[in-house]
Amino acid sequence: MKFYAYKPDADGNEPYGTCHKILFELKTVKGAIRRARRILGNNVRVFTYTNIFDRDDFRQLVYSDDC
């Protein structure tokens, strides 16, 4: 499965540029959430997708505000 994760900025929005964002592939959702939290911290948003260019294809898995 393909995953996209980012650490929200101070306003809770997706950050600009490439800092605090990751794209990766793993077999399980649980493993993807664990990897995103390990790399970006606990305050993270994780999505799964099949086509990265279609924003309607993204499905949000984790939304946390643990700052």
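How many salt bridges does the count come to? The count comes to 2. Keep in mind that this is a predicted model.

I'll take the two pairs in turn. In one, lysine 21 forms a salt bridge with glutamate 14, and the closest N and O atoms are 3.5 Å apart. In the other, glutamate 14 meets arginine 55, at 3.3 Å from N to O. Glutamate 14 sits in the loop between E1 and E2, and arginine 55 in the loop between strand E3 (45-49) and strand E4 (59-63), so this pair ties together parts that are 41 residues apart in sequence. With shared partners, the salt bridges join Glu14, Lys21 and Arg55 into one network.

Lysine 21 has 24% relative accessibility and counts as partly exposed. Glutamate 14 is partly exposed too, at 26%. Arginine 55 is exposed, with a relative accessible area of 54%.

Next, the strand that holds leucine 23, which is E2, residues 21-25.

E2 has a partner. Strand E1, residues 2-6, pairs with E2 in the antiparallel sense, over 5 bridges. Within that pairing, tyrosine 4 stands opposite leucine 23.

Last, the surface around leucine 23. Leu23, Ile52 and Phe53 make a nonpolar surface patch of about 350 Å². So much for the patch; that is what I have.

Conventions
Residues are numbered from 1 along each chain as its sequence is written. This is a predicted model: local features need pLDDT of at least 70, side-chain atom pairs count only at pLDDT 80 or more; totals for chains, interfaces and linings use all residues. Side-chain values use heavy atoms; hydrogens and water are left out. Patches are made of residues with over 30% relative accessible area and no salt bridge: like charges are joined within 9 Å, nonpolar side chains (Val, Leu, Ile, Met, Phe, Trp, Tyr) within 5 Å. Accessible areas come from the Shrake-Rupley method with a 1.4 Å probe; for residues, only the protein chains shown count as cover. A salt bridge is a side-chain nitrogen of Lys or Arg within 4 Å of a carboxyl oxygen of Asp or Glu. Helices (H or I, at least four residues) and strands (E, at least two) are DSSP runs, numbered from the N terminus. Two strands pair if DSSP finds at least two bridges between them. Buried means under 20% relative accessible area, exposed over 50%, partly exposed in between (1.4 Å probe, protein chains only).
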